[in-house]
Amino acid sequence: AKPASYAVDEWFVFQRHSPPNTYSKVFVTFFMSGLLHAIAEWSNGMDWEMSGSLKFFYFQAAGVVVEDFVQLIYRLITGRDLKDPPRLWTRMLGYVWVGFFLLFWTTPGWCYPAAVMNLGTTEGKLIPYDLSYFRKFAKQH
């Protein structure tokens, strides 16, 4: 987070601690992480086009923004303060959201190409064909 903080604070014109400054740091942090993971995948023989690292990490940053926005709307509607402890149902909903977001939406797009590469064939039976939206991306390469 330090390199992202430096980059955003020194290169961007946003006022420090403002929402644009904060969310720029989130996106730059996740971009740097995605880039490093993409380089690691490339060094292991994966094509740049096949790697899902940048998309995965950018989706994580977008997920943070969506979560913050939903929490803001919830607080505006209910009048709850940020310092109030979360209610049980909101915590459970948060767990379901994170599970869905990671397990079904973002992680397969990052992990599946690497798993297919490690199988040595795009026809490998990592998961059943009908269950994977991401299989078509692996077949293209």
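Which handedness, left or right, does the crossing of α2 and α3 have?

A: The model discussed here is predicted. In it, the crossing of α2 and α3 is right-handed. In general, a pair of packed helices is described by the angle between the two axes and by the distance separating them. For α2 and α3, the angle is about 160° and the axes lie 7 Å apart. Angles over 145 degrees count as roughly antiparallel, and α2 is therefore roughly antiparallel to α3.

The residues that form this contact can be named on each side. From α2 come Tyr23, Val26, Phe27, Phe30, Phe31, Ser33, Gly34, Leu35, His37, Ala38 and Glu41. They meet residues of α3 that include Ser53, Leu54, Phe57, Tyr58, Ala61, Val64, Val65 and Asp68. By class, the residues of the contact between α2 and α3 comprise 14 nonpolar, 5 polar and 2 charged.

Helix α2, which spans residues 19–43, also packs with α1, residues 2–11. The axes of α1 and α2 come within 8 Å and cross at roughly 130°. At that angle, α1 and α2 are therefore oblique to each other. The crossing of α1 with α2 is right-handed. On the α1 side, the contact involves Pro3, Ala4, Ser5, Val8 and Asp9. These meet Asn21, Ser24, Lys25, Val28, Thr29 and Met32 in α2. The classes represented in the contact of α1 with α2 are 5 nonpolar, 4 polar and 2 charged residues.

The largest share, 8 residues, comes from α4. By class, the pocket lining has 11 nonpolar, 3 polar and 7 charged residues.

Terms used:
Residues numbered from 1 in each chain as written. Predicted model: local features only at pLDDT ≥ 70, side-chain atom pairs only at ≥ 80, totals over all residues. Heavy atoms only, no water. Axes fitted to C-alpha atoms, helices over the stretch in contact; angles between N-to-C directions. Helix = DSSP H or I, 4+ residues; strand = E, 2+ residues; numbered from the N terminus. Parallel < 35°, antiparallel > 145°, perpendicular 65-115°, else oblique. Left-handed = near helix turned anticlockwise from the far one by under 90°. Contact = heavy atoms within 4.5 Å. Nonpolar A, V, L, I, M, F, W, Y, C, P; charged D, E, K, R; others polar.
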